[in-house]
Amino acid sequence: LAFFGFFSSALSFASAGEMNNASRLFVQSMMSRPLLTEAQALDMYIDCCKVYGDPCRRDKTQFKLFVNEINKHLKGLFMSISKTSREDTGIPVWSLTNQREDEGSKLATTYSKSEIGFFKQLVEAIAQADEGIISSAQAFNVELERSMTKADMQIVLDRFVCDEWLLKTEEGFSFGPRATLELKVHLQSVFPDDVRNCFLCRDTCFLGQCCSSAACEGKAHIPCLQRKKHAVKTDLKCTECGSLWTRPIPPPSAELLALWEEGDGGASSAADGSSSATEGAAAATT
């Protein structure tokens, strides 16, 4: 891709004599992967260090220090290696993200003008949806200029999902983890009346459950609700209005339960130790 070719050259120039070889190899490896699970990111970290004989161990704290050091060099390039939790599963993931604030700049090198226009319309529809999700029919109907056929839109939607910009569920489409990482600040600025925070972790919540009380604007990530329910073993209440949480909460996955046992529920940060969604949910139970 043209952008990553430029970025790779800029990285080599900007980090010459500063970023070590293992760090540079790690960034270059991430450029070919839109998203990594935490296990994959740790494996890549170990492999890059081994190539150059750098001392390392499979330790999350050491890995975060490694990423923090890389991010100091990426700041001037408006890039960052960031971590978030998937809003659908709560599983932590890592990505090399573009820190420029508009959605067009993030897709400009990989999608056509009409595809970017389609994405912007999808972003607006999803951001304004109460629970952060739109049906497939709504997704096809947002393309107002009709510059794409339905078959073309399906192909592009599949690409958005594959590239982790969108998430496909049984109900329709929501923001994928790349969108929640890279577009959060932009969406908070453009849609301040529509974007809400999870009342458990206090992080931005796009895909989640809304309080059943019509007068309440309480909203929470499903993984946050799952963790709180798992911790307290009693009926949950909306912390915004105090009413009982009557929405059905699906059971957590075995993978998420294992992460809780390890004391890690994922985080939304640039590896700087910001609060995590499920860590915030745990704190809310005390």
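**Salt bridges**

Reply: In this predicted model, Asp 88 and Arg 86 form a salt bridge, with 3.2 Å between the closest N and O atoms. Asp 88 is partly exposed at a relative accessible area of 31%. Arg 86 has a relative accessible area of 17% and is therefore buried, because the cut-off for buried is under 20%.

A second salt bridge joins the side chains of Lys 184 and Asp 203, at 3.1 Å from N to O. Lys 184 belongs to helix α10, residues 184-190, while Asp 203 sits in the loop between β6 (196-197) and β7 (204-205), so this pair links parts that lie 19 residues apart in sequence. Asp 203 is buried, its relative accessible area being 16%.

The loop between β6 and β7 also holds Arg 202. Arg 202 makes a salt bridge with Glu 240, and their closest N and O atoms are 3.3 Å apart. Glu 240 is in the loop between α11 (222-232) and α12 (254-262), so the pair ties together parts 38 residues apart in sequence. Arg 202 counts as exposed, with 52% relative accessibility, because exposed means over 50%. Glu 240, at a relative accessible area of 45%, is partly exposed.

There is also a network: Glu 38, Lys 60, Lys 83 and Glu 262 are joined by salt bridges that share partners. The count for the model comes to eleven salt bridges, including the Asp 88 to Arg 86 pair, the Lys 184 to Asp 203 pair and the Arg 202 to Glu 240 pair.

How values were computed. Residues numbered from 1 in each chain as written. Predicted model: local features only at pLDDT ≥ 70, side-chain atom pairs only at ≥ 80, totals over all residues. Heavy atoms only, no water. Salt bridge = Lys/Arg side-chain N within 4 Å of Asp/Glu carboxyl O. Buried < 20%, exposed > 50% of the residue type's maximum accessible area, 1.4 Å probe, protein only. Helix = DSSP H or I, 4+ residues; strand = E, 2+ residues; numbered from the N terminus.
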